[in-house]
Amino acid sequence: MTLFALGALVIALSVAIDTGTTGSMREAGQTSVEVGVAATSPHGDGYVIPASCGSPHTGDLCTPPTFNCSPDAINEGAAITCSWQCDSSTSSAGVNFSTGGATSGSVNLTPNTSTTYTVQCSNGGQASESVTVLNPDLSITATPVQVRFGDTSTIVWEATEVNSCSVTGPNFSASGTSGSQGTGSVTQESTYTLSCSTDGGTVSESVTIRLIPAFEEF
């Protein structure tokens with residue numbers, strides 16, 4: 001082997017040794033990390049994973065916050081409350097909602113669709129909560145919706161994306177997610193209500209039968 005080749009080999013070995021002993025490193029697709037920590041941070045390129053995460057660090061998030069969104073299932077239009085508490089952190093950020101940078105707090109939210117919320121703390125920890133938004137569909141009708149005193153009507157109802165239902169009104173009671181039933185004699189303005197339970201609570205719809213005025217002759 002020539003002296004030139006030996007010199008090149010010595011230089012190559014020196015570079016390899018030096019690379020393995022530097023105070024920080026950056027691998028392809030990874031962020032800056034501390035000595036002995038080989039992990040990709042969830043906070044983007046350039047984020048230094050804190051020493052409190054431990055060494056070696058294998059990519060697991062450290063010191064996750066306390067995070068809760070309640071209730072975890074709602075009917076469309078209802079609200080939830082999300083609360084968080086970050087440990088050993090100076091700031092936080094939210095995904096699909098805003099923490100305002102605070103390390104602890106709570107917010108009221110009204111999601112339109114099923115959503116996963118995430119809190120990211122400045123210490124590298126994060127936690128997520130998923131909320132399911134239900135869309136129950138209720139329908140109740142009366143035929144006819146106007147009757148003369150003492151006449152009858154028929155109540156027809158149907159509900160989807162619900163667990164169970166009941167229908168109530170004056171001298172009227174029924175159950176089931178769909179059906180039809182006569183009212184019996186109607187002697188006053190009467191309201192019939194379809195109430196259904198879901199995993200997100202109770203929803204209802206109503207129909208009112210009105211009396212046709214009776215004309216008196218003089």
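**Exercise 1.** State in which strand D137 is found, and determine which residues form a negative surface patch.

*Solution.* Step 1: In this predicted model, D137 belongs to strand β8, which covers residues 137-143. Step 2: D137 also takes part in a negative surface patch, together with E158, E161 and E205. Step 3: To be counted in a patch, a residue must have over 30% relative accessible area and no salt bridge.

**Exercise 2.** Determine how many salt bridges the structure holds, and which side chains meet in a salt bridge.

*Solution.* Step 1: Side chains of opposite charge can pair when their charged atoms come close. Step 2: The cut-off for a salt bridge is a nitrogen of Lys or Arg within 4 Å of a carboxyl oxygen of Asp or Glu. Step 3: The structure holds 1 salt bridge; its partners are E189 and R210, with an N to O distance of 3.7 Å. Step 4: E189 lies in the loop between β13 (178-182) and β14 (190-198), whereas R210 lies in strand β15 (residues 201-211), so the pair ties together parts that are 21 residues apart in sequence.

**Exercise 3.** Identify which peptide bonds are cis, and locate S88, a residue with a positive phi.

*Solution.* Step 1: Most peptide bonds are trans, and most residues other than glycine have a negative phi. Step 2: The bond from S70 to P71 is cis, with omega near -5 degrees; P71 lies in the loop between β1 (66-70) and β2 (73-75). Step 3: T143 and P144 are also joined by a cis peptide bond, with omega about -5 degrees; P144 is found in the loop between β8 and β9 (146-147). Step 4: S88 is not a glycine, yet has a positive phi of about 50 degrees; S88 is in the loop between β3 (80-85) and β4 (92-95).

**Exercise 4.** State the average pLDDT of the protein.

*Solution.* The average is 79, and 71% of the residues score at least 70.

Definitions and conventions:
Residues numbered from 1 in each chain as written. Predicted model: local features only at pLDDT ≥ 70, side-chain atom pairs only at ≥ 80, totals over all residues. Heavy atoms only, no water. Patch = residues over 30% accessible without salt bridge, like charges linked within 9 Å, V, L, I, M, F, W, Y side chains within 5 Å. Areas by Shrake-Rupley, 256 points an atom, 1.4 Å probe, with all protein chains shown as cover. Lys, Arg positive; Asp, Glu negative; His and termini not counted. Charge placed at Lys NZ, Arg CZ, Asp CG, Glu CD. Helix = DSSP H or I, 4+ residues; strand = E, 2+ residues; numbered from the N terminus. pLDDT = per-residue confidence, 0-100.
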